[in-house]
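Open the model in your viewer and keep the sequence panel beside it. The tour below goes from stop to stop, saying what to select and what is there.

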Amino acid sequence: MKNKLAFNPSRRSALGSIVGGSMLLPGIISELLAEGEGPASSSNPLAVKPTHFSPKAKRVIFLYMSGGVSHVDSWDPKPKLFADAGKTVSVNEFQGRKGDFNMFLKRPDWEFAPHGESGTEVSSLFPHMAECVDDMCVIRSMQSDHTNHYEATLGIHTGSFTFARPSVGSWISYGLGTVNQNLPSFVVIAPHTPYAGGQVWGSSFLPGSHQGTLVMPGPNPVANIQRRAASTRLQQLELDMMAKMNQRHLTSHSKDTHLASRIKSFETAFGMQKEIPEVFDFSKETEATLNMYGLEPESTKGFAWQCLVARRLAERGVRFVELIDVGSTNNWDAHGNMQSHAPLAKNVDQAIAGLLKDLKQRGMLDDTLVVCTTEFGRTPFNAAVNAAGREHHHWVFSSWMAGAGVKSGITYGKSDEYGIRVAQDPVHVHDFHATILHLMGLDHTKLTYRNSGRDYRLTDVHGRVVHEILS
Amino acid sequence: MLISSLVFLGGQSVRADQRQDFFEAKIRPVLIQKCFKCHGDTKASGGFRVDSRERLLKGGDSGPAIVPGKPVESRLIHAIQRQGDASEMPPEQDQALRADEVANFVTWIKSGAFWPAQSAKFESVKHWAYEPIRNVDPPKVQDKAWANTSVDPFIQRRQEEQGVLHAPTADKRTLIRRATFDLTGLPPTPDETTAFIQDTSPHAFASVINRLLKSPAYGERWGRHWLDVVRYADTAGETADYPVPLSWRYRNYVIDAFNSDKPYDEFLREQIAGDIIANQGAENQDSAEKYAERVTATGYLAISRRFGFDSENYHHLTVQDTIDNMGQTMLGLSLGCARCHDHKFDAVSMQDYYGLYGIFDSSRYPFPGSEQKQKMRSMASLLPSLESKQKWHEYEARKAALSATLTKFQQPIPTALLRSLHDIDGDIELQAAAGGGSNGVLVSPWLYSGNIAVAIAAQSPFRNLYSAGRVGIHVPVGEESYSIQQALYPSHTIENGNLLYVNLDFRVTASDTNAQGVHRFSLGSKDETHAAEVLISSESVSLKTGEAIEVLSSIKLNEWHNLQLTFDLKRKTISGKVGLPGSVVDFSDKPMTSNWNGLIDLVTFDSTKTLGKSFPAIDFDNLGVQKIKISPVTQQSSTVVASTAQLDPNLLNQQLHTLLGNDGDFELQDKGTSPAHPWGPGPNSVVNVSTQSQSPFQNIFPLGKLGLHMPNRAEYDGVVLALANIKLAENERLFVNFDFRCADNQRGGDGSWRFYLGHGPGNSAAIEFFMNGKGFFRRTANVKDLVAPVAIGQWYQVQLELNLKSRTYTGQLTSAANQVDFIGQFATGWDGMIDKSFIDSYGHIGGVRPSIDTDNFVFQSTPLPAFNAPVVKVAEGSQALRRTEVDKIRQQLVLLQSNAELAKLELNQLLEDGPFAMAYAMSEGTPHDVRMQLRGDPSQLGDEVPRGFIKALKGSSLPTITKGSGRLELAQWLTRADNPLISRVMINRVWQHHFEHGLVKTSNDFGTRGLPPTHPDLLDHLATRFMESGWSVKAMHRLIMLSATYQQASSTVVATSPDASANEDVTDLYTSFPHRRLSAEEIRDSILAVSGALDTTVGHEHPFPAAINWGFTQHGPFLAEYNHNKRSVYLMTQRLKRHSFLALFDGADPNTTTTERMTTTVPTQALFFLNSSFVYENSAKWASQILASKEHELEQIELAWQQAYLRRPSETERAEALKFLKAYRVELGLVNSDNIESRSLAALLRTLIGSNEFLHVD
């Protein structure tokens, strides 16, 4: 079997493996096992739940490039934009303001060339990712609803451009639960705060256990993960004492299932203290692997570190891993000069390519969906003829998907000759979300949550599964 | 047929409302979700709409859609079955109806296609929650011994019906712990517990409840429940999440309201219309506290979320948030859906929605600041309006005085921060001109229509009323159908003073002589009786009163004019003046319009629409309407600078300049110091006036004692001279002299100095020369080259003659040894201006440079004495005299400078403090009705709807809004005795917070989509008692908590009756008390309480950064957590980033209403108990307290158990604890720990803190 994952995602065996690892209270765990059957287990909101239909993907790695990556400089080749640079086009809206504007076309800063057997064209901005195009489906007709970072960032994460709603990762955690109870179901690795802040991985009205657990690259990636007791033995004494008291308490409160799961949570926490540092401990990774990601040994800096952590989390059964490359500053928001894309691309290019190659060689790409997106593209035109940057552009931009259930080596959708509007097969953010849920075995119209008298969905009342890109 | 097809609905007989339920549950939602998009009221594809039965019967282009009773013949069925010849509907395959949905349509048509009303817009729906509250007596029960209060029989009746038993009464320890957490959110103390256990009187529990209800902690707990529902936060929630420093006042108002048991109806009225009620109270001599309290209450509306980059451009979303929250919080109704369409399920129409919208849109929300407009403003005054007006004027005057002081020193003036309401936005400074994310149109408190703009060019130059601003209103050429309005609040009548003063600046610009259109400025009342109208044409300004028009004065095009009107409201006459400074026409005793109704509460700018006339452009600024007299027009600030009035810094500077000239020989400077005025060192300079730097040359100045010395350093700013009075007429020449020597080059390096002359610093140099230890270089055009080599230690004189017209220069570099002539061109980037000269280290060669001495600088328009000209002699005595004079002026300037510094400090403080205490609260705006926003899009407007209420809930009658926004009427209408919802919704919340769930479990949704009450009679009984008690929440606590139902043992410890049906949800039967986990706040407060660390004082404002420094953006939003040991309700909570602790333990979501706290169990919570510094620090504190009071280990354990669990440890627990402590000490010894005794006890206490018994309530 190519897939060497250590877990089997059926609920009983998942729980069984936890029982096997339980140091403290096997009795309690067996009770948990007995009552926790069925998708609506009240004691464990993260219990594995059945999918709506057979899924292609078991987990998602969601790569988010913050600030708005220029599509016409990266994934969407526009020969006419090279040819007609300096000429004017007329648009009826500019940066959210209505009106008739004459704009100057700006030449892309990076040349395009076909790559791989598929011949998908990628610019020289991403030389490493270009090597992986045969594993990708590049979508060149993405659409968002808002021209501002805050709203567009919220939109690509939650499907709502205005109000805080559950993030896509929270919906998937809510819909599917998690197979590794020692780790959160939804992990976000972000070196800085993105636009719209924690709402981006918030669970909003969904139960709080579905919110993303934030990992900040650095010495202390997860809050309170570092054992404060001076030795493991000391901590075990404390846990043991607490467990005895809790067990006695449980005997007199046997009907409250929540109490049992709370006892369990201390075991998980204890396990996390070990497992989380293990996730971040790359000492067993080979030099070849580190090289593939372009990761300096011992370094926790940069997207390469985030990508390798993502693979290690995916291996351990984390359902949804989101990586945010930078934050709300010093990002892809290249108003001043497109050349600021260069160092940002360098940060992510080899790392992402490494991640794809690594997943593939481990057989994990067969059941892992990798998604790469940004909140919007950048204008192919500018108000000034010699402007060096580009503005926000939500009418069309590019994203890609790779891995489980997605056709590889194809492109989908087209922008117009200059990359200004969608010309063919639009993929709105809602469609994008519907497709991700579909690949995870969830029907976006059925994955609902009742809040304030209304059933909410990730895709609101919209969304179309882009069947054309499904393998 | 009808009956048979509907049996699955569960009834044996079919009533009309079952058909209706079926329609509402199964048909209408599908029609709306799947069909409306194309066949709704905005788009009727195929000529066909599905929004009424009639339209379905009529069908579209291909014939009728439905045939009632005959699904097989109904095209609608063919379409949704995707069979037959009808088009497949909906066209998208993945939108296709499910089989069960299709079956429902078949059933529906078969049974006659029932449609609830004759149209889609139904105005009354029969639904239990909209029915009047019934005064229900407790039902008869079999076991009469159980009931304690009238609550019990209702509960007992259903238990008896279901054959289940109630639980026994809880023990006293459990009861007091339950009651104390329920009412205060804190654990009881061991002493309180003992006292209750020992109190054997029948009223023991009642006494406990009364004691708890009197504790201030009660309001902190129950206020928090309310704050959850109203999504309280300390930040605004727009893209940069601006802090709202005044938000806390509303938070404390809520806490105080619960503590004082403010009648609930009054509580609601104050939150909707407290400011209006306060003003009525002020007229009735209510106390100042009462006034402030009521105004503060409207913080409820003010804390509505803000959105976007420029939140005023997204104000419609804020109003939407207000309506959503008010519906859910107060009425238990989701009104939000009606923003885009008539409510699918509940009786709320778009008409209703926009009727409410108009009310809030006519109100002024305070502005918290946003990325686009970083200053907060429009805060509400906590003083009655007349008093606050007075203080406001004092504040403005003080602000103007301080600003004037700063202006004199050309120091930046902080922009005003807080603008209170009760004052019109007359200088337009609250508005932003277009740019950034702003559209440059007027926003609240103004209303406008037409093509007008806020423009920088429309700023009036006059300062008789306001200090200098930035913007005014511009009405462009040809604009004739505009209208700009603002309501005056409170209104001006004869009752609040005889005289009313009005000020307005305007300027007419006409591009052609045919611009004959007339603009109008009018004051009066909303019902269109003007007190007076001022007509402004391109030729004259006239006064119109009734039909009479009288020309007051002619006007000059393109010139700003000032108009002042004084209304004598008693005599009904107008006097005034109009004109430009120095040319003012007075007029007096003109009659006011005869049919004027005695009220002035609206100003309007518009045009007298005249057919065929073209309109000149007009600018307006500085509108004032006040009871205080207005100064005559002037371009000077009206306010005198008090403390520095006798000294004029401009004058002093001028005198100094005359005395010093350029001070080019430095003889008036002080030895050993940095050069003073007119020279100034750069920010990183080491420049001294030095005796070793005296030039030996005497052709320009007499031989002196001083020059300038700059040591040899790599890089720093040199010395600058601001040149005044240099005329740059094209034919003029400029003559320049300076002497220099490179004194030594001990540190090596070829770095050069730069001599600069131009409009700099920056690129616009006219000429530049460079000196290092080796050469003298010139710049000609953009080329730098060597003029001549120089020697270290040798003095040189540079003389230049600049031809400003040809942009060329000639020069000589002369030393005792020789002379070099050179010529050059000005730098190509020069912009035509020369006002600065300096020497700095930014020469053309970098690195360490020699030290340099310079002297004898001259810049003049007449030729200079040549190098070999005769020696200039010093005039006897004149130097000393000048020196004395200069010293005197310098001292005065220093004094003024320090006054400016003080003024700056005072101004900052003044701006922080504001004119009076303020709240983040509401005020009245300009009353108006709004147009419906089609599909919720504010750019697509439908019909205008009058402000109003929800018609289906109208009760006996709908009040009419006669004046103001309508909030007062809304508040009264909401809290009227026959509103069935208010009382039910609140009593349900009270019940919910005692029993985990409400009788209606969807406590924010009493509509048709919510769950029905489990005990409808009890709900109505409680609602009745609630109103009878005078809306006393505390009375309801007593009623509920004294019940036997409340005092039952906990759910998890009692088995329910064996006969209970296995499927019955026993929680609905209240056969025991629900066991619950503590909320986030209770967890934190309990840990602090048992550790002895809890600070029980009331929290006030948060330590936000000073508002004048704010500049938060979406790239750098506001982010902070402020820790303290006060109760958790006083923690600062943000919208963009949730508080880390509160978020971890399921705290409220401050973005949206939280009806019920969830209880999640995640390992990160366990990590908090295992490893957080909070738990470690507090367990250590607790341990040290126990160690200080108890010597023996067993006593320590005993006390810990008492404090944590309010009980003694069992034998087993005692033994386990002893064993734990022993083992822990051994292990600590192994890791060489210090303080082993306290550390091991703290560890034991941590296990108590983390235990389920500590964190749960039975």
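Two strands count as paired when DSSP finds at least two bridges between them. The model you are looking at is predicted.

**Stop 1: a hairpin in chain B**

Select residues 775–780 and 783–789 of chain B. These are strands β24 and β25, which run antiparallel and are joined by six bridges. Together β24(B) and β25(B) make a hairpin, with two residues between them. Click on Ala781(B) in the turn: its phi is positive, at about 50°. Then find Phe776(B), which stands opposite Ala788(B) in β25(B).

**Stop 2: chain B as a whole**

The chain contains 31 helices and 36 strands. What share of its 1258 residues counts as buried? The figure is 57%. Now consider contacts in chain B between residues at least 6 apart in sequence: 70% of them join residues at least 24 apart.

**Stop 3: an open sheet that includes β21 and β26**

Colour the strands β18, β19, β30, β21, β26, β27 and β28 of chain B. These seven strands form an open sheet in the order β18-β19-β30-β21-β26-β27-β28, and the pairing is antiparallel. Which strands stand at the edges? They are β18 (688–690) and β28 (819–825) of chain B; each has a single partner strand, so one side of each is left without a neighbour in the sheet. From one strand to the next, the twist averages 25°.

Stay in this sheet and select residues 733–744 and 795–803 of chain B. They are strands β21 and β26, paired in the antiparallel sense over nine bridges. Across this pair, Phe738(B) stands opposite Val798(B) in β26(B). In a regular strand, side chains alternate between the two faces of the sheet. Turn on the side chains along these strands to look for that pattern.

**Stop 4: another open sheet**

Next, colour β3, β6, β15, β8, β9, β10 and β11 of chain B. This open sheet of seven strands has the order β3-β6-β15-β8-β9-β10-β11, with antiparallel pairing. Its edge strands are β3 and β11 (548–554) of chain B, each pairing on one side only. On average, neighbouring strands of the sheet are turned by 20° against each other, direction ignored.

Within the sheet, select residues 530–536 and 540–545 of chain B. These are β9 and β10, which run antiparallel and are joined by four bridges. Glu533(B) stands opposite Lys544(B) in β10(B).

Now go to Pro445(B), in the loop between α17 (385–408) and β3 (447–449) of chain B. The peptide bond from Ser444(B) to Pro445(B) is cis, with omega near 10°.

**Stop 5**

Select α11 (247–259) and α12 (264–283) of chain B, and include the loop between them, where Asp261(B) lies. Asp261(B) has a positive phi of about 50°, although it is not a glycine.

How do the two helices run relative to each other, roughly parallel or roughly antiparallel? The axes of α11(B) and α12(B) come within 11 Å and cross at roughly 165°. Angles over 145 degrees count as roughly antiparallel, and α11(B) and α12(B) are therefore roughly antiparallel to each other. The crossing of α11(B) past α12(B) is right-handed. To see the contact, show Tyr250(B), Tyr253(B), Val254(B), Ala257(B) and Phe258(B) on α11(B), together with Phe267(B), Glu270(B) and Gln271(B) on α12(B).

**Stop 6: over to chain A**

Select helix α7 (residues 232–252) of chain A. It has 21 residues and reaches 30 Å from its first C-alpha to its last, close to the 30 Å expected. Buried residues in α7(A) include Leu234(A), Leu237(A), Met241(A), Met245(A) and His249(A). An α-helix has 3.6 residues a turn, so residues three or four places apart point the same way.

Move to Ser173(A) in helix α6 (residues 168–176) of chain A. Is Ser173(A) buried or exposed? Ser173(A) is buried, because its relative accessible area is 1% and the cut-off for buried is under 20%. Beyond its neighbours within four places in sequence, Ser173(A) is in contact with Leu46(A), Ser185(A), Ser209(A) and His210(A).

Finish at Ala196(A), in the loop between β7 (186–189) and β8 (213–215) of chain A. Ala196(A) is not a glycine, yet has a positive phi of about 70°. Its relative accessibility is 2%, so Ala196(A) counts as buried.

Conventions
Residues numbered from 1 in each chain as written. Chains lettered and ligands numbered in written order. Predicted model: local features only at pLDDT ≥ 70, side-chain atom pairs only at ≥ 80, totals over all residues. Heavy atoms only, no water. Buried < 20%, exposed > 50% of the residue type's maximum accessible area, 1.4 Å probe, protein only. Contact = heavy atoms within 4.5 Å. Expected span 1.5 Å × (residues − 1). Axes fitted to C-alpha atoms, helices over the stretch in contact; angles between N-to-C directions. Parallel < 35°, antiparallel > 145°, perpendicular 65-115°, else oblique. Left-handed = near helix turned anticlockwise from the far one by under 90°.
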